[in-house]
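These are my notebook entries on a single model. I set down what I looked up, entry by entry, with the cut-offs I used.

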Amino acid sequence: MPAQPQAIKRAASLGLKHCALLVLTLAVLGPFVPDYELLGLNQHLLLALNVLALNFCLGLGGQASLAQGAFCGLGAYFSVLAHQAWPEASPLILACVALSAWGIGFGLSYPMEKLGEGFLAMATLGLSLIFTNLAVSLSSITGGPDGMLVTTPLSILGLNLRGDIAHYYVFLALLAGGLYLFLALRHSRLGRALLACKSDPMAAAACGIRRPAVRSLSFGLGAALSALAGAVYAPYGGFISPGEFDLELSLKTLLYLVIGGPGNPVRPILAVLGLESLLSHAHFLGDTRTLFHGLLLGAALLAPVAWKRLRKK
């Protein structure tokens, strides 16, 4: 067997072991976490899912996105409104949420990829602002800036999901599925095409890779995962508002992916769980948390440069 396929298999196996260890550790720790801490941990898992979703875009395809918060909000509002009409149809609604978000993501990415670098980032910024304005403006449907109560729980296999621990394991199952899909995609032919588009677009085009198509597929997967995370989060919180899914959520998602390293499936999630848990106990920071996030981003961007200079010395 050639050496290159063996190396790919070893890398895939190692990545799968790291992800499995992370998920199993969280699954074992879940029942021992106090209820008041579990609420915060579930919110951290929502952010971790959005970070993983952005990893599909930026880590695999090299596409910057500022719309993960908007996709998450779209999934939440779509799910809540659909459950008001069909409260027992959760599996079908979740499937529709994922497919709709994938279609929106693909439809947004494909034409922007044809225009050139940078256009997609501006388009996602526009989508984030449009989503927030629509959610505020359509008050008869969304409750406007005051938000809306969510009274219908998710119903899966005839069971209504209620409580912190049940939602914790649903978030964890979604995280496990997302990690498996990420690894399977990264080590597939399509994943190698995505990495080629990211590292050398000219060479990828010369090999016959259709860059807009492959990158839009990956971007759509990221949008679908964020939307599913929002659909699960909405009934758990019992209340949704535009402010929960605004540009700040997208920026925090980008921040933790940069800190953990785009393309790595485990480190960004550990960064979310570790730093957000730390910040949740740092109440004395107050409104300066935004400044702290900015400093973290600056440190994450400067650290590789500083490390390279230290190694040269």
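Are Glu113 and Arg211 buried or exposed? I find Glu113 buried, and Arg211 likewise; buried means under 20% relative accessible area, exposed over 50%, and partly exposed in between, with a 1.4 Å probe and protein chains only.

Entry on conventions. I note that the model is predicted, that local features need pLDDT of at least 70 and side-chain atom pairs pLDDT 80 or more, while totals for chains, interfaces and linings use all residues. Residues are numbered from 1 along each chain as its sequence is written, and side-chain values use heavy atoms, with hydrogens and water left out.

Entry on salt bridges. I counted 3 salt bridges, each being a side-chain nitrogen of Lys or Arg within 4 Å of a carboxyl oxygen of Asp or Glu. Glu113 and Arg211 form one of them, at 3.4 Å from N to O. Glu113 belongs to helix H4 (residues 90–115) and Arg211 to helix H10 (residues 211–237), so this pair ties together parts 98 residues apart in sequence. I took helices (H or I, at least four residues) and strands (E, at least two) as DSSP runs, numbered from the N terminus.

Glu113 also meets Arg215 in a salt bridge, at 3.1 Å from N to O. That pair links helix H4 to helix H10 across 102 residues, and Arg215 is buried, as is Glu113. I therefore record Glu113, Arg211 and Arg215 as linked in a network of salt bridges.

For Glu276 and Lys252, I read 3.6 Å between the closest N and O atoms of their salt bridge. Glu276 lies in helix H12 and Lys252 in helix H11, so the pair joins parts 24 residues apart in sequence. Glu276 counts as buried, at 10% relative accessibility.

Entry on Gly274. I located Gly274 in helix H12 (residues 267–280) and found it partly exposed, at 40% relative accessible area. Its C-alpha is separated by 32 Å from that of Ser109, 165 residues apart along the chain.

Entry on Thr124. This residue sits in helix H5 (residues 119–137) and is buried at 0% relative accessibility. I noted two polar contacts, that is, N or O atoms within 3.5 Å, one able to donate a hydrogen and the other to accept it, where residues adjacent in sequence count only if both atoms are side-chain atoms. The Thr124 side chain reaches the backbone nitrogen of Leu66 at 3.0 Å, and a polar atom of that side chain lies 2.7 Å from the backbone oxygen of Ala121.

Entry on cysteines. I found 0 disulfides, a disulfide being a pair of cysteine sulfur atoms within 2.5 Å. For Cys72, the nearest cysteine sulfur is that of Cys57, 13 Å away; Cys72 is buried at 0% relative accessibility. The sulfur of Cys197 is 9.8 Å from the closest one, in Cys207, which is too far for a bond. Cys197 is buried as well, at 1% relative accessibility.

Helix H3 (residues 68–85) has 18 residues and reaches 26 Å from first C-alpha to last, close to the 26 Å expected at 1.5 Å a residue; the expected span is 1.5 Å times one less than the number of residues. Since 13 of its 18 residues are buried, H3 is largely enclosed by the rest of the structure.
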